[in-house]
Amino acid sequence: MPEGHIAHFKVLEQTPHLLGSQLRLSSPNRRFETGAALLDASTVTSLQAYGKHIFYNFDARRVLHVHLGMDGSFAYHRNGNHNGRARSGAWLRVASPTLAFDLRNPKVCELIDATRRDRIIAALGPDPILVDTPPRGLAAIRDVSRPVGEALVDQSVIAGVGNVYRAEILYACAIHPERQAATLSDDDLANIWSGAVRMLRAGVADGGRIRTVERRRDLKVRDSRTYYVYGQRFCARCGSLIRRWTLGAQLAYACETCQPLAV
Ligand SMILES: [Zn+2]
C-alpha cells in the first residue's frame, strides 16, 4: 500500500528523466483524455512530493496532481518505449526520451493550477520526509479526543503515514494504538516524530520498500520478518501474540506486552 515514502521515491526516480524534456502524454483508458491533451508536448519544470501526493509542475496554470490511493502504481516500460501495450487501468501514459510509464488505477489524477496545489499542501500536516525537528503544530494532536492510532493516519496531522508505518512507529515508541492522543507527553510526541522521520526516510532510501526491522542492530529478531508487528503473529522481542483489530478504517497491530495500554 503506497505511503508517503513511495511518493517521494517516485519523484526522485522520475525527475532526472522528465525534467526539461518535452513530454508526450496520453490517456490509454481515456479517463484523463482532456487533461493529457492539455499537457501533451509540454515541459515539466519541477516534480514535488508532499505526504502521499505528487505534483508535476508545468506552469502556474497547469499542475498534474497524482495520488496513488490504495491501488495506484506506476508501470515502467523498458527503454523508454512509449509505444508499448497499455497496462490495464492505465489512466495516463507519460513518455520522455528516456522513460515511459503508465499510471495505473490512481485515486487522483487531475489537472489543477498552482493555487489549488498550494491549498492541498496547506491542508496537510507536516511531512517527516521534509521536516527534521518535531513541528510545533504537532502538539495539536492532543486537542482531539481520539486514539493516537487514528490521529497518526490523519493526513492533516502528519502527512505520509499510512497503516504499515502507523503500526511500526507506535511499536518502536512502545505506545499502544488505542491510547488517547490527549495523554501523550512531549517526549512521546518527539519519539513519534523521530520514528516517522527515520522510517519514512529509510523507505525512500530503500527504493520505496518498507523494512523497519534493523537486523544488524536488533539481535532479538531471528526470523526473516521485515516488520515488527504489521501482519505478524508473534512479537520478535517478547514472544507475545500480536493483537490485530480494526481501528478507524484499517487493521491495527500491537504487542500489548511491549506496548501496554495503561502507563
Ligand atoms: Zn512484545
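Residues 24 or more positions apart supply 63% of the chain's contacts with a separation of 6 or more, a contact being two residues whose C-beta atoms, placed from the backbone, lie within 7 Å. This is a predicted model, where local features need pLDDT of at least 70, side-chain atom pairs count only at pLDDT 80 or more, and totals for chains, interfaces and linings use all residues. Residues are numbered from 1 along each chain as its sequence is written.

**Overall build**
- The chain has six helices and ten strands; these are DSSP runs numbered from the N terminus, with helices being H or I of at least four residues and strands E of at least two.
- Of the 263 residues, 40% count as buried, that is, with 20 or more other C-beta atoms within 10 Å of their own, C-beta atoms being placed from the backbone.
- Along the principal axes, the C-alpha atoms fill a box of roughly 60 × 40 × 30 Å.

**The open sheet**
- Four strands form an open sheet in the order β2-β3-β4-β8, with antiparallel pairing; two strands pair if DSSP finds at least two bridges between them.
- Its edge strands, β2 (46-50) and β8 (108-112), each pair on one side only.
- Strand β4 (residues 62-67) is joined to β8 by five bridges, and V63 stands opposite I112 in β8.

**Helices on the sheet**
- Helix α1 (residues 4-18) packs on the sheet and touches β2 and β3 (53-59), its direction making about 175° with that of β2.
- Angles run from 0 to 180 degrees between N-to-C directions, with axes fitted to C-alpha atoms, for helices over the stretch in contact.
- Helix α3 (residues 114-122) lies across β2, β3, β4 and β8, at about 35° to β4.

Technical notes:
A residue is buried if 20 or more other C-beta atoms lie within 10 Å of its own, exposed if 12 or fewer, and partly exposed in between; C-beta atoms are placed from the backbone.
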